[in-house]
Amino acid sequence: MEAKSRTVHPLVSLDYRVRVPAMFMVGLVLVSYFWDYPRSFWLWTAIAFTGLAWPQLAHLAARLSPDTKAAELRNLLFDSFIIGCWTAAMSFSPLPGMTMVTAIVAACLSIGGVRFAIFAAGAVCAGVVFVGSFTGFQVDTDVSLPTTILSVLGTFSFTSIFGYHSHVQTRRVLQAKKELAAQNKRIQDQYTVIERALQSALEANESAREASRAKSIFLANMSHELRTPLNAILGYSEMLSEDAAESGHTDLVPDLKKIQTAGRHLLGLINGVLDLSKIEAGKMRLYLETFDVAQLVGDAVVAAGPIVQKNGNRFDVRCPPDIGSIREDATKVRQVLLNLLSNAAKFTENGVVTLDVRREVGVAGNWVFLTVRDTGIGMTPEQTGRLFQAFEQADAGTMKKYGGTGLGLAITQKLCKLMGGDIAVESAPGKGTAFTVRLPGEIENFDGDATSVRISTLTGVRIPNAPASAEPLLLVIDGDPAVRDLMERVCAKEGFRVVTSGGADGLRLARDERPDLITLEVQLPDRDGWELLQALRSDKALARTPVIVVTIVDDRERGLSLGATEYLVKPIDHDRLLSVLARHRVGARVA
C-alpha cells in the first residue's frame with residue numbers, strides 16, 4: 001500500500017479534499033429536501049452513502065488502482081451520475097438541481113477540459129434517465145425554505161472551494177514562474193561566466209600558441225647565436241692548450257682544460273634544451289640507416305670509456321660480435337648510450353659500470369636490448385618515479401652534489417619512444433641502477449645502399465620498400481608510433497607486408513604503394529583523418545581498396561557514411577582485428 005501511495009497522482013488528493021465537503025453539503029441538501037417524506041430505509045441509506053461514504057470509497061479506489069489518474073477521472077464521472085440521479089429524485093427542483101449539476105460540471109471542466117465536461121454532462125443525463133424511469137420524470141418546483149437556504153449555501157460553498165483551490169494553484173504557478181525565472185537567470189549568469197571563461201581560454205590558447213611560436217623562433221635564433229661563440233671558445237681553448245704544452249707553459253694547461261670542459265658542458269646543455277624542444281614540438285627527425293649493432297656499441301664504448309674510468313670505475317662490456325644489424329637512427333642510438341653511460345659513471349665511484357647488449361626473438365617480436373648497469377648510489381621508488389621528467393633529478397641533494405639539469409634521461413626516454421622502443425629502470429638505494437633500452441630488432445627491406453639516409457618525422461614514416469610478393473600489402477596510418485609498431489609486428493606474423501605512416505603523407509603512400517588493405521586512425525596529429533578517409537575514397541585508383549578505420553573516436557555512423565569498409569574502436573582485441581583483416585585480405589587479393 002505504501003509503495004503504491006508513492007505513485008498516486010496529485011489529482012487524487014486534490015479531488016478528495018474537494019469531494020468530502022462538497023458531498024457533505026449535497027447530503028445536507030438531500031436531508032432537508034426529503035425531511036418531510038415518509039421514512040424509507042433505502043432513501044436514507046442512499047443519502048448517507050452520498051454524503052459520507054462515497055468520498056472515502058472513491059479515494060480508496062483511486063489509490064489502489066494501477067492507474068490512479070484514470071481511476072479518479074472515473075470517480076468524477078460517477079459523481080456526475082450520482083448528481084443526475086438525485087436531480088431526478090428531487091423532481092427536477094430547479095435550485096437544488098442547478099446547484100449540484102453546476103458544481104459537478106464545473107469541477108469536471110476545470111480538471112479535464114471541455115471534452116471531459118461533456119462526458120460528465122452525459123453521466124448526469126444517464127443518472128437522470130436511470131432514476132427518472134422509476135419516478136416517471138415527475139417535476140416539482142416547490143422546495144422548503146431550509147432546502148433553499150442550504151442550496152444557496154451549497155452554491156456559495158462550491159464556489160468558495162473552487163475559488164480557493166484556483167487561488168492555491170495560481171500561487172503555485174506564479175511561484176513556479178518565479179523559480180523558473182530565477183533558475184533561468186542563474187543559467188544565464190552561468191552561461192555568461194562560461195562564455196567569459198571560454199573567451200579567456202581561447203585567448204590563453206592563442207597566447208600559448210604565440211608563445212610556442214616565439215619559443216621556436218627564439219631557440220632557432222639562439223641555437224646559431226650560442227653555437228657560434230661556443231665553437232670559437234672550444235677551438236681557441238684547445239689550440240691554446242696545445243700551444244701551452246708545446247711551449248712549456250704547462251701551468252696554463254689545467255686552466256685551459258677547465259675552459260674546454262665548461263664549454264662542452266654548456267654546449268651539452270644547449271643541445272639538450274634544443275633536442276627537448278624539438279621533440280615536444282614534433283620536429284625531431286629520424287635519419288634511418290641499417291648499421292651493425294656491435295660496431296656502434298664499440299664506438300660508444302671508446303667515447304664513453306674515459307668518462308666511466310674517471311671515477312676509478314671498471315668498465316665491462318658484453319656484446320656478442322654476431323648480434324647483427326638494426327635499422328634506426330644510429331646517431332640517436334649512440335646519443336642514448338652515451339647519456340646512460342655518462343649518467344652511470346657520474347653516480348658511481350670505484351665501482352663497476354656494465355654495458356650488456358643482447359637480442360631476443362620470440363612471441364613478443366624481435367628486439368635488441370641495451371642494458372647499462374652500475375653499482376652506484378641507487379634510487380628509491382619515489383625517485384625513480386620522477387626520473388624521466390624534464391629538469392628533474394632524484395632530489396635536491398643529488399643535484400647539489402653531482403650537478404646536471406635533469407634533461408639527459410628525459411631526452412633519452414623520448415628518443416627511445418621516437419625510435420619505436422622504450423626504456424625501463426630498476427634501482428635500489430646503495431645497490432646501483434640498471435637502465436634497459438629496448439629497440440626494434442627487425443631489419444626493414446629497402447632498395448639501395450645500406451647506409452642510404454631515409455628521413456622520418458616524429459609523427460613517423462617507416463617505409464619498407466619490399467619487392468613485390470604474394471603477401472598482401474597493408475598500409476597502417478596512425479599518429480601513435482607504438483600503435484604503428486604493434487600493428488607492424490602483429491600483422492607481419494599473419495603474412496602481411498606492412499607500410500606505416502604517421503598521417504601526413506598517408507595519401508601519398510597509398511598512391512605510391514597501392515596497398516591491398518588500409519587501416520586508418522582518424523585522430524591524427526597533423527591531418528584531419530576524416531578528410532583523409534574522404535580523399536582515399538575519392539581517388540579512383542584506391543576506391544576499391546578496403547579501408548578499415550581503427551580509432552579511439554566512437555563515431556561509427558560517420559565513418560561508414562564516409563566509405564569505411566569496417567569501423568573498429570580501440571582498444572581492440574587482436575583476434576578480432578586479425579579476423580577482420582583476414583576477411584578483407586581475401587577480398588583484396590580477389591579484387
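Buried means under 20% relative accessible area, exposed means over 50%, and partly exposed lies in between, with a 1.4 Å probe and protein chains only. The model is a predicted one, in which local features need pLDDT of at least 70 and side-chain atom pairs count only at pLDDT 80 or more, while totals for chains, interfaces and linings use all residues. Residues are numbered from 1 along each chain as its sequence is written, and side-chain values use heavy atoms, with hydrogens and water left out.

Q: Why is Phe-137 called partly exposed?
A: The relative accessible area of Phe-137 is 42%, and since this falls between the 20% and 50% limits, the residue is partly exposed. Phe-137 is found in the loop between α5 (94-135) and α6 (145-247), and its phi is positive, near 55 degrees, although the residue is not a glycine.

Q: What makes Asn-350 count as exposed?
A: Asn-350 has 66% relative accessibility, which is over the 50% limit, and therefore it counts as exposed. Asn-350 lies in the loop between α9 (330-346) and β4 (352-362), and its phi is also a positive value near 55 degrees in a residue other than glycine.

Q: Why is Cys-491 called buried, and why does Cys-319 count as partly exposed?
A: Cys-491 has a relative accessible area of 0%, so it is buried, whereas Cys-319, at 23%, counts as partly exposed.

Q: How many disulfides are there?
A: A disulfide is a pair of cysteine sulfur atoms within 2.5 Å, and by this rule the count comes to zero.

Q: Why is α2 described as roughly antiparallel to α3?
A: Helices are DSSP runs of H or I with at least four residues, strands are runs of E with at least two, and both are numbered from the N terminus. Helix α2 (residues 10-33) and helix α3 (residues 41-64) pack at an angle of about 175 degrees, with their axes 8 Å apart. Angles over 145 degrees count as roughly antiparallel, under 35 as roughly parallel, 65 to 115 as roughly perpendicular and the rest as oblique, so α2 is roughly antiparallel to α3.

Q: What makes helix α12 mostly covered?
A: Eight of the 11 residues of α12 (residues 408-418) are buried, among them Leu-409, Ile-411 and Cys-416. The helix is followed by Gly-420, whose phi is positive, near 85 degrees.

Key. Axes fitted to C-alpha atoms, helices over the stretch in contact; angles between N-to-C directions.
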